[in-house]
Amino acid sequence: MRRSQQEAVASSTMTATSDNFFNAYAIFLGASLGQMGWVTGLPQLFGALAQLLSVWLASHFSRRQFIVVCAGLQAGVVLGMGALAAFQPENAVWLFIGLAVLYQGFINLIQPHWRAWMGMIVPQRRRGAFFASRTRLTMMASLSVFFVGGGILTLTDSMQMAWLGFSLLFSIAAMGRFVSAWLLLQMHDPEPRAAKASGVFNQTLYNFRQAWKDKTFRHYSLFVAGMQCMVAISAPFFAVYMLEDLQFTYFEFVLSSVASIFTQFITLRFWGRFSDLYGNRLVMIITSCLIPGLPLLWLFSDNYMYILAVQAFSGFAWSGFTLSTANYLYDIRPFRSDFATYAALQAALSAGFVFVGAMVGGSIASYAEAFLVWTGLKTWLDNPIFVVFIVSTTMRTLVTLWFIPRSVEPKARPRPELLTLIFRIRGFNAISGVSLDWLTVAKKKRDNKNAKDKD
């Protein structure tokens with residue numbers, strides 16, 4: 001457990017120096033607007049496929065060795081990203097996209113096994129304190145390195161040596177992951193290999209088909225995946241707009257991202273209490289009405305303080321949406337069914353939709369300039385990226401209008417008493433700012449009779 005706390009700092013060094021600057025790095029390498037869609041969409045798609053593959057691999061390898069090898073290979077991939085900045089070969093953008101696919105694939109190969117491993121190592125009575133402590137370490141390390149990275153890039157960019165800044169950042173990320181792999185190797189695994197079982201793949205497909213027959217779950221999944229799809233249309237281009245059009249320094253870019261991230265953290269508790277009082281469905285409706293208008297707010301001013309305020313408001317809306325959609329999935333699944341099946345199906349569907357949305361956004365951005373000239377709107381919209389923002393807003397609104405009349409309030413059901421909301425930073429991404437893994441920890445009941453009565 002002590003090694004795991006140390007590993008949290010090492011691995012967050014990687015996520016803070018790679019995930020946070022992927023879009024900025026693609027821009028530095030000279031990515032076109034069309035290629036920015038591939039930077040966002042393709043890694044997401046392969047990540048979902050890798051997570052499904054990971055389940056099948058569980059019974060064929062030692063869990064600890066599998067995680068350590070994947071972590072080591074991932075460190076090598078990140079080191080390769082840094083080498084691209086130093087050598088800048090031809091087709092550097094496409095090489096980076098390929099490395100980003102491998103990077104995201106290794107994350108998703110590791111994730112299910114890491115969760116199962118930690119679940120066996122950490123005693124149930126200590127999980128609340130352990131993961132809360134681990135999360136604090138992750139947050140402090142991630143945000144510290146995030147700020148340092150912005151400072152390094154700003155300094156090297158002012159010296160016309162941005163390539164050196166990116167090479168340093170990705171080298172730091174790789175070293176952090178190598179240390180993370182070494183720490184994982186030092187940890188004990190009480191159950192090194194999962195038992196082999198026949199027919200797992202066919203059973204998984206059967207479970208997916210049964211889950212999809214549930215009308216409420218089907219509408220919910222299409223709503224979440226559809227919203228993420230429409231968000232992905234514009235998501236890659238906020239970095240382009242800030243760094244190329246508004247000429248933000250890298251440090252200003254970092255501060256604008258932190259404004260959204262920090263707001264999400266501090267408003268999670270508010271949305272949790274609000275959903276306890278009024279239900280997750282209402283929170284989903286409120287936030288899904290706020291999210292469509294977010295891209296439009298970028299059209300009204302390029303003042304830096306205004307952008308920070310927009311980012312903070314974005315974090316407020318996304319924290320409620322992320323929390324309520326996660327809780328809603330728990331509420332609508334049939335009681336005592338396999339929650340993992342519903343979560344995996346919804347995640348895979350979302351990843352596929354994100355890929356489609358990012359591809360559509362890249363295509364729109366590529367032809368937006370010609371469209372403005374052809375329609376005569378060039379005098380009104382002086383930036384083709386605004387076309388992408390308007391399309392994303394329109395499509396998000398249509399998804400919200402489709403879902404609201406189909407949403408239902410789940411019936412009250414037995415659920416564990418909430419002790420605390422525990423989350424760890426998995427990374428900051430272009431879709432919703434901060435990506436969190438979260439879990440609820442149930443209080444241990446000493447009075448068995450009261451527990452049975454409550455059940």
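**Exercise 1.** Which residues of the largest nonpolar core touch the most other members?

*Solution.* The structure is a predicted model, in which local features need pLDDT of at least 70 and side-chain atom pairs count only at pLDDT 80 or more, while totals for chains, interfaces and linings use all residues. Residues are numbered from 1 along each chain as its sequence is written, and side-chain values use heavy atoms, with hydrogens and water left out.

Step 1. Take the term: a nonpolar core is a set of buried Ala, Val, Leu, Ile, Met, Phe, Trp, Tyr and Cys residues joined through side-chain atoms within 4.5 Å. Buried means under 20% relative accessible area, exposed over 50%, and partly exposed in between (1.4 Å probe, protein chains only).

Step 2. The largest such core has 112 residues, and Tyr25, Met81 and Phe96 touch the most other members. Helix 5 (residues 92-121) gives the largest share of this core, 16 residues. Helices (H or I, at least four residues) and strands (E, at least two) are DSSP runs numbered from the N terminus.

Step 3. Leaving out residues up to four places away in sequence, Tyr25 is in contact with Met81, Gly82, Leu84, Ala85, Phe96, Phe166 and Phe170. Contact means heavy atoms within 4.5 Å.

**Exercise 2.** Is Trp114 buried or exposed?

*Solution.* Step 1. Locate the residue: Trp114 belongs to helix 5.

Step 1. Trp114 is buried because its relative accessible area is 9%.

Step 2. Between Trp114 and Leu184 there are 70 residues of sequence separation, with a C-alpha to C-alpha distance of 9.9 Å.

**Exercise 3.** Which residues make the nonpolar surface patch of about 390 Å²?

*Solution.* Step 1. The patch is made by Leu277, Tyr278, Leu282 and Ile286. Helix 11 (250-278) and helix 12 (280-290) each give two or more residues to the patch.

Step 1. Leu282 sits in helix 12. Leu282 is partly exposed, because its relative accessible area is 33%.

Step 2. Like charges are joined within 9 Å, and nonpolar side chains (Val, Leu, Ile, Met, Phe, Trp, Tyr) within 5 Å. Accessible areas come from the Shrake-Rupley method with a 1.4 Å probe; for residues, only the protein chains shown count as cover.

Notes:
Patches are made of residues with over 30% relative accessible area and no salt bridge: like charges are joined within 9 Å, nonpolar side chains (Val, Leu, Ile, Met, Phe, Trp, Tyr) within 5 Å. A salt bridge is a side-chain nitrogen of Lys or Arg within 4 Å of a carboxyl oxygen of Asp or Glu.
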